[in-house]
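I would ask you to look at the structure with me as I describe a few positions in turn.

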Amino acid sequence: MANETTKDSAKAVAEKKASERRKKVLNIGIDLGTSRCVIACDNGVRTFIPSYVGFPKDAVSRKMFGRDVIFGDDAIKHRMALNLYRPFDKGQLKHGDVPDSNTKEYKDAVSIAKTLVKHLKELATEGKDTSNTTVRAVLGAPALASRVNKKTLLDIADGVLDDVMVASEPFCVAYGLKLYTAALIIDIGAGTVDLCRMHGIIPTEEDQITTLNAGDYVDKVFFDLLKKDFPEANFTVNMVKKFKEENAFITNQNEGVFIELPVKGKPTKHDVSKELKQACRAIVPEIVEGVRKLIATFDPEFQDSLKENVILAGGGSQIIGLKKEIEDYMKEALGYGRVTKVEEPLYAGANGALMLCRDMPDAYWDQLRSKESERHRND
Amino acid sequence: MLGKIGKYTAATLEYGTLKTASLLQKGVNIVSGTVTGTAFRSNRQPDDEHNGHNRHKLSETLKIVPRLTVEAGKYTYAVIEYAGQKIYVFLKKGGLSTGIDGSKSTGLESSLANIGESLGNFFRGIANLRLPIGNNIVTVDPQLSERVSHIEAMLTSARLEDRLDGIEAILRNIEQNGIATTGSPYKDIDKPEVKDDAKMLLASILQTNLDLRS
């Protein structure tokens, strides 16, 4: 009798495993950015949304939207009627480093970020039923994200995605480009600039540098300069951010760059080339210092190949003239340097995360799932 | 915008203000008339405003009508840019009659990355010179000739011919075997072959993630 029960139990487990195997798998690479969330999936869906989540302020706005939560551009557009949140800051969850994860503040922040991840999953699955699908994802994290922050990312994905791994964002970029060795990745986001040298192994702390003067910092500097130089003009950070994204440059071009800003209600053109250039330059010193440090501390025999292979990724890599600026600096400080911009700066991280997700053997995912179950049991 | 330079015919197409496409045909002549070509949908669509997101799916295409007619050539080539943030590169054997189908082109992206950059510069060069739009073949003035020589030299140095030969081999393979990366969601796709160096990295990533759950 006991033998039969054991046999039945084993059979049930085997059937469950077989059923899992029969499930289709959807792989997603996710870049949870301070400014934008980007996904790349192996069903062909690739998209991004600004990292904003908005909740209607009252019954009237709830009625107007016909929804309980608004995302991305829509949320920014209707921000007056919404309680608007940007869950990530400096490349990590806001309040992600609070010592006690039982605080209301932390739980609220996780809940908002979870809502955003759910929305990304809906975009990835195109709203289709996923009950017979295993949704796997690799989440990109800042290069030097703390253990607490990485665990926070797992908490956010918990219950939304079936299997999740976290990987360093610049490593994802390198993996996507198949640059496993002798490459230096510079990933310029809104919250952080991540530098990472690849030399055939998973980058350690010594191989990575994260600086906090990134895209948002450029916006702030630009905003402050405009306030100082054009005190009569009315504008918001959001307005100058949008303008910066379309016009950012640090070259010595002679053409003026004009922005139309209201002065006493009347749209007025302002030449902001000087301010924009100065703001964009603000992030360069830390980047080039990081490049110098990572190259100078690398094995001298391989420094040349590292100099040959500096890769510029992320939205900030679109600043016109940045590539040349870094190359000029490397020539002056290091003798030589060749910088290459990735083909798809916005998607480079998510693409790499997707490749990681797809390449990861099923057995690895099984191990992870067992460990995750164990963690839940202990909790 | 239309131009004929040496053995290349180039055209840039605009749809709204958000998207530009560039077409290049090798060894073809421009003739007058208007035909329908195929370009790719922008990742910002009117209905997206309601949904609150921008999305782009490679398999969906948008028909546009460029003012361009070409005789059948060896390749049709397209580059799509969106607000300077995203570039897709597509190449298809044959002339416009073949059309370029985004859903059949995703597998080519990475292999065409470098060539895309070279040709992207090529098209930017043409745009800066403001070649006239119209049905006539463009007359190249001396200043333009100089620029054209530079472009020709650039294309030669990019070893375009060699790369196209290589790409042709890939295309042949795709035509014979199809593309594995598109189609309906959740399609069963065999796990890709992972090289040993990548396997080590994957094992390390796994270990890091197991540690995170300890």
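Two residues are said to be in contact here when their C-beta atoms, placed from the backbone, lie within 7 Å. Please bear in mind throughout that this is a predicted model.

I begin with Trp365(A). This residue belongs to helix H14 of chain A, which covers residues 362–378. Setting aside neighbours within four places in sequence, Trp365(A) is in contact with Arg136(A), Asp163(A) and Met360(A). Of these partners, let me take up Asp163(A). In sequence, Trp365(A) and Asp163(A) are 202 residues apart, yet their C-alpha atoms are 7.1 Å apart in space. Is Trp365(A) exposed, partly exposed or buried? Trp365(A) counts as partly exposed, because it has 19 C-beta neighbours inside 10 Å, and a buried residue needs 20 or more.

With residues up to four places away in sequence left out, Thr340(A) touches Ile311(A) and Leu312(A). The C-alpha atoms of Thr340(A) and Ser317(A) are 9.9 Å apart, with a sequence separation of 23 residues. Thr340(A) also counts as partly exposed, because 17 C-beta neighbours fall inside 10 Å.

Finally, a word on chain B. Its secondary structure consists of 5 helices and 10 strands. Chain B has 214 residues, of which 29% count as buried. How far apart in sequence are the residues that its contacts join? Among contacts in chain B between residues at least 6 apart in sequence, 65% join residues at least 24 apart.

Key:
Residues are numbered from 1 along each chain as its sequence is written. Chains are lettered from A and ligands numbered from 1 in the order in which they are written. This is a predicted model: local features need pLDDT of at least 70, side-chain atom pairs count only at pLDDT 80 or more; totals for chains, interfaces and linings use all residues. Helices (H or I, at least four residues) and strands (E, at least two) are DSSP runs, numbered from the N terminus. A residue is buried if 20 or more other C-beta atoms lie within 10 Å of its own, exposed if 12 or fewer, and partly exposed in between; C-beta atoms are placed from the backbone.
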